[in-house]
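Student: Here is a model I would like to go through with you. Can we work from its charged side chains outward?

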Amino acid sequence: MKIDGKKFLYTQPSLNGKHQEENASISIYFAKIMKKMGYNLNTKKINEAIKNTVWPGRLEIINYKHKKIILDGSHNIDGADKLNEFLKTCLLYTSPSPRDS
C-alpha cells in the first residue's frame with residue numbers, strides 16, 4: 001500500500017473477503033494520519049491486530065462432517081453485497097460420496 005508516495009507493508013487480514021483488505025488499508029492510512037498528528041501508535045501492534053482479528057459468523061468457514069460451511073450473519077444490504085462478492089470468488093470442489101459410486 002502507498003501513502004503519500006511511500007510504500008507501507010501490512011499483514012494480510014485474517015478475516016475473509018476482499019473488503020477486509022480495503023478495511024485494513026483504511027486503518028493503516030488513518031494510523032499514519034494520527035501519527036502525523038502526534039499520536040504514539042505502534043505499527044507492529046496494528047499489524048498484529050489485522051492478522052489476529054476474529055469475527056465469528058462473518059464470512060466464517062467451518063468444517064462439519066468433512067464439508068466446508070460458510071457462516072455469515074449479514075444483516076444489511078452492504079453485508080449481503082460483501083457476502084455475494086465473497087461467494088463469487090470461492091471455488092467449490094465436490095467429490096462423489098461413497099454412496100454415489
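**Charged side chains**

Tutor: Two salt bridges are counted, a salt bridge being a side-chain nitrogen of Lys or Arg within 4 Å of a carboxyl oxygen of Asp or Glu. This is a predicted model, in which local features need pLDDT of at least 70 and side-chain atom pairs count only at pLDDT 80 or more, while totals for chains, interfaces and linings use all residues. Residues are numbered from 1 along each chain as its sequence is written, and side-chain values use heavy atoms, with hydrogens and water left out.

Student: Which residue forms a salt bridge with R58?

Tutor: R58 counts as buried at 15% relative accessibility, where buried means under 20% relative accessible area, exposed over 50% and partly exposed in between (1.4 Å probe, protein chains only). The closest N and O atoms of the pair are 2.6 Å apart. The partner of R58 is D72.

Student: How many residues apart in sequence are the parts that R58 and D72 tie together?

Tutor: R58 lies in the loop between helix 2 and strand 3 (60–64), and D72 in the loop between strand 4 (67–71) and helix 3. Helices (H or I, at least four residues) and strands (E, at least two) are DSSP runs, numbered from the N terminus. The pair therefore ties together parts that are 14 residues apart in sequence.

Student: What is the N to O distance in the salt bridge of E21 and K18?

Tutor: Both residues lie in helix 1 (residues 18–36), three residues apart, about one turn of the helix. E21 is partly exposed, with a relative accessible area of 23%, whereas K18 is exposed at 56%. Their side chains meet with an N to O distance of 3.1 Å.

Student: How far from K82 is the nearest side chain of opposite charge?

Tutor: K82 is in helix 3, and K82 is buried yet has no salt bridge. Leaving aside neighbours within four places in sequence, K82 is in contact (heavy atoms within 4.5 Å) with H19 and R58. Lys and Arg count as positive and Asp and Glu as negative; His and the chain ends are not counted. The nearest side chain of opposite charge, D78, is at 4.0 Å.

Student: What separates the C-alpha atoms of K51 and Q12?

Tutor: K51 is in helix 2 (residues 43–52). Not counting residues up to four places away in sequence, K51 touches T11, Q12 and S14. K51 and Q12 are 39 residues apart along the chain, and their C-alpha atoms are separated by 6.3 Å.
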